[in-house]
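Let's take a walk through this protein fold, one residue or element at a time.

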Amino acid sequence: GKKRELMARRKDGTEFPIELGLSDINYEGDRRFCGFIRDLTDVKRRERLVLGMLEASMDPLLQIDDHGIIQMVNEAAVRQFGYQKDEFLGNNISMIVGGGHAANHDKYLQRYLETGEARVIGKKRELMARRKDGTEFPIELGLSDINYEGDRRFCGFIRDITRQKQDELELKRREEFTNSIIEA
């Protein structure tokens, strides 16, 4: 009565992933079991390709569930934030939220789930993020709500904008210097 993923073996000894569904059939006192097998080779290949693409990203990517619990991170997130993957997984996303918003993050998520009002989701926004060592840095966050067959997840695409902010500050400083020379 349930499905599960297993490895199956071909006649030549090679193994391949399958989904196996079993049914218990009782017809006029004759009890039989019927198995339904679906080859998952192509599905697993596509999954590996997608995961490979996510890992290849130069920017951090995190996925959380509807309770704010981290379900997936890529290697760029590991490098950027200083946590190992197993330190991320199963923990609340507030661990990397900076700018004093960590304590309220779950409330923000709950408000969105209850009202559907998107203040951050579906937009890019500049925020502060926090590394494992406690240092904060500016990021651009793109957040997407993904609802696939009742499984709701949120994906955060993060870009470190520290250098951009430094360049903007330097440009402003030079502009102010130039204006002071002109005024003099």
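C34 counts as partly exposed because its relative accessibility is 26%. Here buried means under 20% relative accessible area, exposed means over 50%, and partly exposed is in between, with a 1.4 Å probe and protein chains only. C155, in contrast, is buried, at a relative accessible area of 9%. How many disulfides are there? The count comes to zero, taking a disulfide as a pair of cysteine sulfur atoms within 2.5 Å.

A word on what you're looking at: this is a predicted model, in which local features need pLDDT of at least 70 and side-chain atom pairs count only at pLDDT 80 or more, while totals for chains, interfaces and linings use all residues. Residues are numbered from 1 along each chain as its sequence is written, and side-chain values use heavy atoms, with hydrogens and water left out.

**The sheet**

Helices (H or I, at least four residues) and strands (E, at least two) are DSSP runs, numbered from the N terminus. Two strands pair if DSSP finds at least two bridges between them. On that basis, five strands make an open sheet in the order 5-4-8-7-6, with antiparallel pairing. Strand 5 and strand 6 (124–130) sit at the edges with a single partner strand each, so one side of each has no neighbour in the sheet. From one strand to the next, the twist averages 35°; axes are lines fitted to C-alpha atoms (for helices over the stretch in contact), and angles run from 0 to 180 degrees between N-to-C directions.

Helix 5 (residues 162–183) lies across strand 6, strand 7 and strand 8, at about 135° to strand 7.

Q63 is buried, with a relative accessible area of 18%.

**The core**

A nonpolar core is a set of buried Ala, Val, Leu, Ile, Met, Phe, Trp, Tyr and Cys residues joined through side-chain atoms within 4.5 Å. The largest one here has 22 residues, and the members touching the most others are L62, I70, V73, F81, F88, I96 and I158. At least two residues each come from strand 4 (61–65), strand 5 (70–73), helix 2 (75–81), helix 4 (105–115), strand 7 (136–148) and strand 8 (151–160). Strand 7 gives the largest share, four residues. Not counting residues up to four places away in sequence, I158 touches D59, P60, L62, F81, I96, I139, E140 and L141.

**Salt bridges**

Across the whole structure there are 20 salt bridges, each being a side-chain nitrogen of Lys or Arg within 4 Å of a carboxyl oxygen of Asp or Glu. K44 pairs with E5, with the closest N and O atoms 2.6 Å apart. K44 lies in helix 1 (residues 41–56) and E5 in strand 1 (residues 3–9), so this pair ties together parts 39 residues apart in sequence. R38 and E19 meet at 3.6 Å, N to O. Since R38 is in strand 3 (residues 30–39) and E19 in strand 2 (residues 15–27), that pair ties parts 19 residues apart in sequence. R159 and E140 meet at 3.4 Å, N to O, linking strand 8 to strand 7 across 19 residues. Salt bridges that share partners also join E5, K44 and E47 into one network.

| Residue | Relative accessibility | Class |
|---|---|---|
| K44 | 19% | buried |
| E5 | 49% | partly exposed |
| R38 | 42% | partly exposed |
| E19 | 19% | buried |
| R159 | 33% | partly exposed |

Technical notes
Contact means heavy atoms within 4.5 Å.
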